[in-house]
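Trainee: I would like to learn how to read a model like this one. Can we go feature by feature?

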Amino acid sequence: MNLSNLKPAEGSVKTRKRIGRGSGSGLGGTSTRGHKGQKSRSGYSKKIGFEGGQMPIQRRLPKFGFKNINRVEYKAINLDTIQQLADAQQMTKIGVQELIDAGFVSAKHLVKVLAKGNVTSALEVSAHAFSKTAEEAITKAGGTVVKL
């Protein structure tokens, strides 16, 4: 064996298709693109959402709704959660920082207290917003409400 008689392994090298080099090659004429139609033409590229000239679905369906850029989103905390936290930590003042420390909300959230459940002890609850029924339930139990 020497450098002059080295060859690649049998079947590992294939000759490339020479497309469009006359009918004698067997790959002339339509050059493996089939007959006529958009896909056979040069410069064809499929556009995103193109449906062959039919009105595309994103243009057929009407626009829907809008995003209010002034929307303020609150993280909802229920009264039963506040009462559980007060019982577990032996607290009378519950604010946003206590809820963050307990893992109910993160520091970036605004907190709104909702009226699910009930408050049994007099608590001073401070949050960014309250529902009317939650506010009434806290004051009825002898507590106070502080809006931040």
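Mentor: Start with the charged pairs. The structure holds three salt bridges. A salt bridge here is a side-chain nitrogen of Lys or Arg within 4 Å of a carboxyl oxygen of Asp or Glu. Side chains of opposite charge can pair when their charged atoms come close. Before the cases, some ground rules. This is a predicted model, where local features need pLDDT of at least 70, side-chain atom pairs count only at pLDDT 80 or more, and totals for chains, interfaces and linings use all residues. Residues are numbered from 1 along each chain as its sequence is written, and side-chain values use heavy atoms, with hydrogens and water left out.

Trainee: Which residue forms a salt bridge with Lys147?

Mentor: Glu135 does, with the closest N and O atoms 3.7 Å apart. This pair links distant parts of the chain: Glu135 sits in helix H4 and Lys147 in strand E6 (residues 144-147), twelve residues apart. Helices (H or I, at least four residues) and strands (E, at least two) are DSSP runs, numbered from the N terminus.

Trainee: Which residues of H2 are buried?

Mentor: Think about helix geometry. An α-helix has 3.6 residues a turn, so residues three or four places apart point the same way. In H2, the buried residues are Leu79, Thr81, Ile82, Gln83, Leu85 and Ala86. Their cover includes strand E1 (74-78), strand E2 (93-94), H3, E3, E4 and H4. Just after H2, Gln90 takes a positive phi of about 55°.

Trainee: What does Ile82 touch?

Mentor: Contact means heavy atoms within 4.5 Å. Leaving out residues up to four places away in sequence, Ile82 touches Ile77, Ile94, Val113, Leu123 and Val125.

Trainee: Why does Gln83 count as buried?

Mentor: Gln83 counts as buried because its relative accessibility is 6%. Gln83 belongs to helix H2 (residues 79-89). A polar contact is a pair of N or O atoms within 3.5 Å; within protein, one must be able to donate a hydrogen and the other to accept it, and residues adjacent in sequence count only if both atoms are side-chain atoms. The side chain of Gln83 makes one with the side chain of Ser121, at 3.2 Å. Beyond four places in sequence, Gln83 touches Asn118, Val119, Thr120, Ser121 and Leu123.

Trainee: And Ser126: buried or exposed?

Mentor: Ser126 is buried, at 17% relative accessibility. Ser126 lies in strand E4. With residues up to four places away not counted, Ser126 touches Ile94, Gly95, Val96, Val146 and Leu148.

Trainee: Last, the surface. Which residues make the nonpolar surface patch of about 460 Å²?

Mentor: Patches are made of residues with over 30% relative accessible area and no salt bridge; like charges are joined within 9 Å, nonpolar side chains (Val, Leu, Ile, Met, Phe, Trp, Tyr) within 5 Å. Areas come from the Shrake-Rupley method with a 1.4 Å probe; for residues, only the protein chains shown count as cover. This patch is made by Met1, Leu3 and Leu6. Leu3 is found in the segment before helix H1 (57-60). Leu3 is exposed, at 76%.

Notes. Buried < 20%, exposed > 50% of the residue type's maximum accessible area, 1.4 Å probe, protein only.
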